[in-house]
Amino acid sequence: MRGDTLSTPREKFVLPGVSRQTVIDLAREENLAVQEADLDLYDAYNADEVFLTSTSLCICPVSRVNGVAIGPQGQIWGPVTRRIADAYQRYVNHDFVDQYLKRYVDGMEARAF
């Protein structure tokens, strides 16, 4: 993400999955420009925000790439990532972030004993 443009690798280099396509569709509904491009580490290091899509996590913010901080210090959910995640949650009618955090915390507590 740079500004109001979501950049994603071309399908030649990533799985053209359902979660990815859902995010692309939702971003366009949110009036964000979407571009498929050949991306490299320079693009990630200089992005305002970075997130991944997957079936299990839907949208997962990225705060560091190879140790390089992405976005303002302490930012996990950037404003555009949060906007797209909110749209995704409305679309699927489920709070996937809360579900993940609950399982993560419960799982951590179970491992502590």
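Over the ring of which residue does the charged end of Arg82 sit?

**View 1. Arg82 and Trp77.** The charged end of Arg82 lies over the ring of Trp77, 4.4 Å from its centre (criterion: NZ of Lys or CZ of Arg within 6 Å of the ring centre and within 35 degrees of the ring normal). This is a predicted model, in which local features need pLDDT of at least 70 and side-chain atom pairs count only at pLDDT 80 or more, while totals for chains, interfaces and linings use all residues. Residues are numbered from 1 along each chain as its sequence is written, and side-chain values use heavy atoms, with hydrogens and water left out.

**View 2. Salt bridge between Asp38 and Arg10.** Their side chains meet at 2.6 Å, N to O (salt bridge: a side-chain nitrogen of Lys or Arg within 4 Å of a carboxyl oxygen of Asp or Glu). Asp38 is exposed at 52% relative accessibility, and Arg10 is partly exposed at 32% (buried: under 20% relative accessible area; exposed: over 50%; partly exposed: in between; 1.4 Å probe, protein chains only).

**View 3. Salt-bridge network of Glu11, Arg20 and Glu36.** Salt bridges link these three residues. Between Arg20 and Glu11 the N to O distance is 3.6 Å. Arg20 is buried, with a relative accessible area of 7%, whereas Glu11 is partly exposed at 41%.

**View 4. Aromatic pair of Tyr88 and Phe96.** The two rings are edge-to-face, 5.6 Å centre to centre with 80° between the planes (rings of Phe, Tyr and Trp, its six-membered ring, pair if their centres lie within 6.5 Å; planes under 30 degrees apart count as stacked, over 60 as edge-to-face, the rest as tilted). Both Tyr88 and Phe96 are buried.
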